Amino acid sequence: MIGPVPGVSIRRRTQAAALILLTFLAMGSVLGNGWVQDDIPLGLLNERIHQWSGLWSGFTGPYWPAPSTSGLYRPLAVSLFTLLWQVGNGEVWVFRGADLLCYLSAVLAVWALARRLLAPTPAWIAAALFAVHPVHTEAVAVAVGQGESLVTALSAGACVLWLDLRDGRRSAARTTLLLTLAFLAALGLKEHALVLPALLLLLELLAPQPAGGSRDSVRARHRLLAGLVVLGAAFWALRTAVLGDLAGADPADGLAGLSFGSRALTMLSVVPEWARLLIWPAHLQADYAPNEIVPFAGWTSAQTLGVAVLLIYGALLAWSLRRRRVVALGLVWIAIALAPVANIFVPTGVILAERTLMLASVGAIVTLLGLIPGGAWEIPRVRTPLAVAIGMVIILGALHSAARLGIWRDTERYILALAVDAPDSWHTHLAVGTLAFEQGDRRDGEAHLRAAIAIWPDHSRAYRVLAREYRLDGLCAPAIPLLERAVALEPIDQYARLSLVACLLDQARYREAGALAREGIAGPGRSLEEAFGAAALSADRADRLAAPRGTVRLAPFGEDQTTIGPHRPASEPRR
């Protein structure tokens, strides 16, 4: 009887322990972070996950809670957040611990996959590079990134199952069940898991083939692949039925309204950023909104650089298909993993986000390790400097990741980092301006919000935020044109509409206020029906009485205070 080889088992456990240690060194500082970024609306303020019914309510509604229109369909992500909230009593450290454990599962799954594609030493190095990769910090830093880690873990694990099935190490029935469950779980966590059948087909075509495979086993695997494709299509049909359309999400700022060709040319300018972030992410930023990435309005150096990167990619792919198929596998893996966020056929909610690159980074790392000749690890004069160089890269990656995670410590630190990393983004000006108002610097806040409007005048949020600050100062005259623009850009925003009604009443424009309020009664958002009805009655009464300007107020209602200046003491100066 052949038993386990003791030396191999000990070495494997030691390597696993080293990977776990590396992961904690690089990403462990996330445990000290608070509620920040998307975790606030999706976690801290999300009433759905604050009840046990959140375990199943995500299956019948969008991922983003109302009043957001961002949509998406991630039922298992909602279930996971609910479980963490309920078990941890809403403590943020529970979410942060889960962030780290989800990422650790991805690291170990990538190692298992790498051992089947590479020799033992480069396989461990691949997992180590993945563990410390700085581009993963955004996904680890916030709970909404758990889906990225888990989809990567499930996808890598499914690929391991597939290779073991193909090599005769697993039974077909058990593997089919496990692959189906893994695919369903991944789809329920994040939509880009839809690419898993393509990754399995890639392994079928380019991974080293075992000797003696029968035609029957090949046909069985092809039937399994076809079944997974049908399963993915059924999931997308369910998602479309729940969300009401194929995309199921608002397009990213800069993509809305663009033609197919303009979207393609916009994304061509993103290609060099993908390459930089996957290969050498020295500079990271949490936002790539306009004008960090400029929507296509004419050919620029960014498009030229994008073409150059694609030409290098194509040449390397052509060479590797003939000489080193594992490199070709890594290169095609990158393309498959990036396809869901390529924005060519269907615009998504991001032009570029670092958190979306985790799955693609697996292919990038396999490519880089595959480019090193196998014999290099056996030649002492080559092996030693190579090990030193790779060791330095791992150390630098761990240090960079650990330092980077600190920007998500709290909202203020995150916003200040945005100002340094992405100074040209309209999101940055919006965030910095809002923070300045909260800290009492009203002059700087107004300047940043005006800058956000100038950079991206087609989004309602900056208009709405600046108008709110004017209203809190009792200044409805400058708030009205901003609110009119916000309502024109987003007619379904009933809070902006109600705020505009309040300001029109304040300025004695009673007939306009009454007409707008009656439109609101018939509009979306039935919870505001009563408020619009009261506003219409107030407008009619004030019009009959010819009430003087500044004498008619609406009571505060909902998430947006509709009265004029309710929060700021009269003694507080306006700078």
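This is a predicted model: local features need pLDDT of at least 70, side-chain atom pairs count only at pLDDT 80 or more; totals for chains, interfaces and linings use all residues.

Biologist: Fine by me. Let's start with helix H11: how many residues does it have, and how far does it reach?

Modeller: For a helix, you compare its end-to-end reach with what you'd expect at 1.5 Å a residue. Helix H11 covers residues 215-243, which is 29 residues. From first C-alpha to last it reaches 42 Å, close to the expected 42 Å.

Biologist: And which residues of H11 are buried?

Modeller: Buried means under 20% relative accessible area. In H11 that gives Arg221, Leu224, Leu225, Leu228, Gly232, Phe235, Arg239 and Leu243. Among the elements covering them are helices H8 (146-166), H9 (172-189) and H10 (196-206).

Biologist: What comes just after H11?

Modeller: Glycine 244, and it takes a positive phi of about 100°.

Biologist: Now salt bridges. How many are there in the whole structure?

Modeller: The idea is a side-chain nitrogen of Lys or Arg within 4 Å of a carboxyl oxygen of Asp or Glu. A search of the whole structure turns up 26 of them. One of these joins arginine 485 to aspartate 458, with the closest N and O atoms 3.6 Å apart. That pair links distant parts of the chain, 27 residues apart: arginine 485 is in helix H22 (residues 476-489), while aspartate 458 is in the loop between helix H20 (442-455) and helix H21 (461-472).

Biologist: Which residue does arginine 497 meet in a salt bridge?

Modeller: Glutamate 519, at 3.1 Å from N to O. This pair also connects distant parts of the chain: arginine 497 belongs to helix H23 (residues 494-506) and glutamate 519 to helix H24 (residues 510-522), 22 residues apart. Arginine 497 has a relative accessible area of 9%, so it is buried. Glutamate 519 is partly exposed, at 48%.

Biologist: What about glutamate 469 and arginine 468?

Modeller: Their side chains meet in a salt bridge too, 3.7 Å from N to O. Glutamate 469 is buried, with a relative accessible area of 8%, whereas arginine 468 is partly exposed at 29%.

Biologist: Which residues are linked in a network of salt bridges?

Modeller: Arg116, Asp164, Arg166, Asp167, Arg169 and Arg170.

Biologist: Last topic: pockets. What is the volume of the second largest pocket?

Modeller: About 620 Å³. When you read a pocket, ask who lines it and what kind of residues they are. Here 24 residues line the pocket, and Val271, Ala275, Val309, Tyr313 and Ile334 lie nearest its centre. By type, the lining has 23 nonpolar residues, one polar and no charged.

Biologist: Which helices each supply at least two residues of that lining?

Modeller: Helix H12 (260-268), H13 (271-279), H14 (301-323), H15 (325-338) and H16 (358-370).

Methods
Residues are numbered from 1 along each chain as its sequence is written. Side-chain values use heavy atoms; hydrogens and water are left out. On a 1 Å grid over the protein atoms alone, a cavity is a set of points where a 1.4 Å probe fits but cannot get out, and a pocket is an open set with protein on both sides within 12 Å along at least five of seven lines; lining residues have an atom within 4 Å of a point. Grid points are joined across faces, edges and corners, and a volume is the space filled by probe spheres set on the points. Helices (H or I, at least four residues) and strands (E, at least two) are DSSP runs, numbered from the N terminus. Ala, Val, Leu, Ile, Met, Phe, Trp, Tyr, Cys and Pro count as nonpolar, Asp, Glu, Lys and Arg as charged, and the others, Gly among them, as polar. Buried means under 20% relative accessible area, exposed over 50%, partly exposed in between (1.4 Å probe, protein chains only). Contact means heavy atoms within 4.5 Å.
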